Amino acid sequence: MKKFIGLFSFAILITILAACSSNSSNDNASGEFEPESSIEMVAPAGAGGGWDTTARMAAKVFNEAGIMEENIGVINKPGGGGAVGWAYIAGHEGSNHHLFVASPPIILVPLNGQSEYGYDDFTPIANVIADYGAIAVRADAPWNDLNDLFEDMKADPESISVVGTSSPGSMDHIQFVQIAKAAGVDITKIKYVTDPDGVGLTQLLNGSVEVFSTGVAETVEQVKAGTIKVLGITAEERLSGEVLKDFPTAKEQGIDASFVNWRGFFGPPNMDESAVAYYEAKFKELSDSEEFAAIREQYGWDEMFLGTEEYKTFLEEQSNTVQTLLDELGLGQ
């Protein structure tokens, strides 16, 4: 009798284990993804810039708000305007545990021939914020708005130098060109100077150049100090904030153009669809959180969430627009 009971108990145990195994297999087969190890988030630039700040703030909120339990490590891969970081991510094809932050240079840099990898070589997940450009001059410059500046540039475009951190054909150049073209300036004659060492503001202040094309956030402290003035920004509408609210848009000055420095996240090539869906949902939760809203306000960013499919369409449209400008400038490939 005892032997029978023992065999019966063993059979029940085997049945339970088999059921558990079956349930576990069904969970895996369902396509649901959960990270199995730490997540590496890459900023394809040095510390302190827009990519680095966005990645670190996203990782911080993910962890502190309990949106993701897994450890997220942010690493910097600077060089080539983003190309070094993109090559690094491309080397992790199929990984579900690597992410990177991107913005317009992932379209611009490949289109002007400076990277073999472009946005369509990776897996778009979600866009999270919008940042904008500013066109600034010295406080004692003769121009008080964009129309003043562009009238002089239309008369003699080569007499006015424009400095930006990015290379010709990349973001600081293109955001200025897009506004100037809409104002009627011959963009093929604009004298654009590259400032790869981050001394564009110094060049502006010492009179080496007349105009500084940069990010809105990079102008705030100098405006407060009274050393520069912002003639216009590339946003559709005025921004909020103690200093930002005073910056006029190009559109309100009668120039029908804008430029958005969108910032979002991608995965390596051939990331699993289940992983994409998981991260898309997490970035949506991040975007909707009070903690990330506070971060946006702190840095003067706008909310701009785009899910995976919408992001793909947006990127294609952006690429077509930029290609037209680069072709006109003679910088397209």
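The following legends accompany an overview and several close-up views of a predicted model.

**View 1. The protein chain as a whole.** In this predicted model, the protein chain comprises eleven helices and ten strands. Of its 333 residues, 50% are buried, and the chain exposes about 15,400 Å², of which carbon and sulfur atoms supply 49%.

**View 2. The centre of the largest pocket.** The largest pocket, with a volume of about 1,200 Å³, is lined by 43 residues, and those nearest its centre are Gly49, Gly50, Thr165, Met171 and Asp172.

**View 3. The lining of the largest pocket.** Two or more lining residues come from each of helix H2 (50-64), helix H4 (105-111), helix H6 (171-182) and helix H7 (200-205), and likewise from strand E4 (123-138), strand E7 (211-215) and strand E9 (260-267). By residue class, the lining of the largest pocket holds 23 polar, 15 nonpolar and five charged residues.

**View 4. The second largest pocket.** The lining of the second largest pocket divides into eight nonpolar, seven charged and four polar residues.

Note on methods
Residues numbered from 1 in each chain as written. Predicted model: local features only at pLDDT ≥ 70, side-chain atom pairs only at ≥ 80, totals over all residues. Heavy atoms only, no water. 1 Å grid on protein atoms, 1.4 Å probe; cavity = no way out; pocket = protein on both sides within 12 Å on 5 of 7 lines; lining within 4 Å. Points joined across faces, edges and corners; volume = space filled by probe spheres on them. Helix = DSSP H or I, 4+ residues; strand = E, 2+ residues; numbered from the N terminus. Nonpolar A, V, L, I, M, F, W, Y, C, P; charged D, E, K, R; others polar. Buried < 20%, exposed > 50% of the residue type's maximum accessible area, 1.4 Å probe, protein only. Areas by Shrake-Rupley, 256 points an atom, 1.4 Å probe, with all protein chains shown as cover.
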